[in-house]
Amino acid sequence: MSAPALTGSVPTPTTPRGTSPAGQGAGRRRPARARVLDGAGLVTLAAATLVLGAPLLWMLLASLKRPDELYALPLQWLPDALDLANYAQAARSIPLGTLFANSVGLTVVGSGLKVTLGLCCAYALVFLDVPLRRTVFVVVIAALMIPPQITIIPNYTFVASLGWLNTYQGILVPGLASAFGTFLFRQHFLTLPRSVLEAADLDGAGHWRRLWRFVVPMSLPTIAAVTLVSVVNEWNDYLWPFLVVDDARKMTLPVGLTLLQNVEGMTSWGVLLAATTVVTLPVLVVFLVLQRRLVAGLTAGAVTG
Amino acid sequence: MTAVLAPPSGAGPTTPPVPRPHPAPGAAARRRRRRALGWFTLLAGPNVALLVLFVYKPLVESFYLSTMQWNLGSPVARFVGLGNYVEWFTADSTSQVLTTTAVFTLTTVGGALVLGLGLALLLNRRLPGRGLARTVAFAPYVLSGYAVGILWLFIFDPRYGLLAAVLGWFGVASPQWYTVEPWPLVMIVVVYLWKHLGYVALIYLAGLQGVPQDLRDAAALDGATPARTLRSVVLPLLAPTTFFLLVTMMLASLQSFDVIRSMTQGGPLGSTTTLMYQIYQEGFVNGRAGYASAGATILFLLLLAVTAVQLRFVERKVHYA
């Protein structure tokens, strides 16, 4: 994975090869124009930040407003007091606590299993020399080209035939297989020093021990990136849980939003935005705290290309 | 998706080991190979089994279902050959669905690339506050599409929305975003752009940081204006990045569902029904699983075509696309 994509840091400027007098002359000419450009750039950047950031701020503020503040003309920008009535109302209309617990549970278990499956599979693909290894690798990689949206109808029928509608396993199991994670892990494992693993082999460490005691500790940044991407995807996943679950007690938070729209009406803004805040805020916090790793994972596809 | 392109570098030899002359080591090697095979099955098996069961099997089933007249949950299915495809291609709704899909895909991809490049160029300069700008721009990308749809519906509210207020400052009356064409489609395009802009900008930023400063300095020395440098030096060097983003964003746009579902449900009068949304609608609302599977096959072929184009071009590693 490329460092620039992860950190967005400025690369150390390459040493200018031609430090000729002409170059210095150009350097002296630049500041005036550069200052104007910087000023314009700064204004544009500030405006872009404002426009891009305003919707989230507006959501947060609206979720705290009373109806008379929400439906005031001209707009009332700030609520008079921090009023949590919208959150209480949302929790009365749908079992918000249960949905939150469902989302947390499914996200933790789902991404944990997904990462484990990916790690094991990648280890096998890199460190076990068996005849069908390349075929298996192709099977895993080609799955990347089959988006889950294409297979919803047969998968729905299959899950229904297992009696898994309205169950946690029905939401979880069809999405567990890891193609992207396996691929990233494999790419990383290929860069690990073979000597360490050969030493482990000589010490009599079995594959299981080698994976967890040697390979995993040497791969923590990649694992963190893949885990965070899985967490975000599991938390936000909508289409599949929406199809599989219509029992409010088994729903995840995003699916609960649909239920809330049906119960409260499409334009009960205060209540809807309170629930929307409950859905988005946890991911936003994860993003703000672990930004580097998360961005690294989400942009990893670009770097391999 | 580019995953596929990475060279299979560094993988160990895959040729079977040379048979040894002595029987005893041969037996040991065989035992070792059997054990390796056992471990391989144990470690890779579960993941591969899940892929087969929930990705490959349903893909094949989907092709099969597309040749059947079958309603979701119905015990009877009738083989109709290519009947569903013929119906899809001759249906009145198809031209609207294809137009909507094309307009949505082209505007979201084109808009995200142009605006994302602009943002990346800004972020690439050492301006104060660019760290904050980067965080703010990328944040929407990690949020639930469904939730984002609801939050924007409120902003678009023609009476009490933030946008109506902003337009009011300029003496413009808010359009009827929810109900009057083409505004519902414009609305979901705007939301989609907002959600993906930061991603595109960050990928472009990584690309920009790979453009050697020498080249820009050289262009400046030759008297090139910043605009000229951008057009003649930076953009050609960014061509692989642009191409990658073009493909990735097209694949994402063609599959998008959450935002449409939460904002417009494909309406009004089907004006925001993309091919992806139509598959859901036919399969799960109208229960026409066979017909919807034909739609899914068509979408799959479309996605495959986009990926194939990518494989062809990126393999050549062209700088001047």
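Visitor: Where is B:Thr242 found?

Guide: B:Thr242 is in helix H10 (residues 239-255) of chain B. A helix here is a DSSP run of H or I with at least four residues, a strand is a run of E with at least two, and both are numbered from the N terminus. By the way, this is a predicted model, where local features need pLDDT of at least 70 and side-chain atom pairs count only at pLDDT 80 or more, while totals for chains, interfaces and linings use all residues. Residues are numbered from 1 along each chain as its sequence is written, and chains are lettered from A and ligands numbered from 1 in the order in which they are written.

Visitor: What makes B:Thr242 count as partly exposed?

Guide: Buried takes 20 or more other C-beta atoms within 10 Å of a residue's own, exposed takes 12 or fewer, and partly exposed is in between, with C-beta atoms placed from the backbone. B:Thr242 has 19 C-beta neighbours inside 10 Å, so partly exposed is the label.

Visitor: What is phi of B:Leu269 near?

Guide: Phi of B:Leu269 is near 55°, which is positive in a residue other than glycine. Most residues other than glycine have a negative phi, and most peptide bonds are trans. In the loop between helix H11 (258-263) and helix H12 (275-285) of chain B you also find B:Pro268, and the peptide bond from B:Gly267 to B:Pro268 is cis, with omega near -5°.

Visitor: Which residues does a cis peptide bond join in chain A?

Guide: A:Leu73 and A:Pro74 are joined by one, with omega about -10°. A:Pro74 sits in the loop between helix H3 (67-70) and helix H4 (85-93) of chain A. As for a positive phi, A:Asn166 has a value near 60° and lies in the loop between helix H7 (152-161) and helix H8 (168-172) of chain A. A:Asn166 has 14 other C-beta atoms within 10 Å, so the label there is partly exposed.

Visitor: How do you know that H12(A) and H16(A) are roughly perpendicular?

Guide: The axes of helix H12 (residues 220-236) and helix H16 (residues 291-298) of chain A come within 8 Å and cross at roughly 80°. Axes are lines fitted to C-alpha atoms, for helices over the stretch in contact, with angles from 0 to 180 degrees between N-to-C directions. Under 35 degrees is roughly parallel, over 145 roughly antiparallel, 65 to 115 roughly perpendicular, and the rest oblique. The pair is therefore roughly perpendicular.

Visitor: Which residues of H12(A) and H16(A) make the contact?

Guide: Contact means C-beta atoms, placed from the backbone, within 7 Å. Among them are A:Ala224, A:Leu228 and A:Val232 of H12(A) and A:Arg293, A:Leu294 and A:Gly297 of H16(A). The contact residues divide into 9 nonpolar, 1 polar and 1 charged. Nonpolar covers Ala, Val, Leu, Ile, Met, Phe, Trp, Tyr, Cys and Pro, charged covers Asp, Glu, Lys and Arg, and the others, Gly among them, are polar.

Visitor: What puts the buried residues of H11(A) on the same side?

Guide: In helix H11 (residues 207-215) of chain A, A:His207, A:Leu211 and A:Val215 are buried. They cover an arc of only 50° around the axis, which puts them on the same side of H11(A). That arc is taken from the directions from the helix axis to the C-beta atoms. The face turned away from the buried side carries the exposed A:Arg209 and A:Arg213.

Visitor: How many residues of chain B are in contact with chain A?

Guide: 90 residues of chain B are in contact with 96 residues of chain A. Helix H1 (residues 23-65) of chain B gives the largest share of chain B's side, 18 residues. That side divides into 64 nonpolar, 18 polar and 8 charged.

How values were computed:
Two residues are in contact if their C-beta atoms, placed from the backbone, lie within 7 Å.
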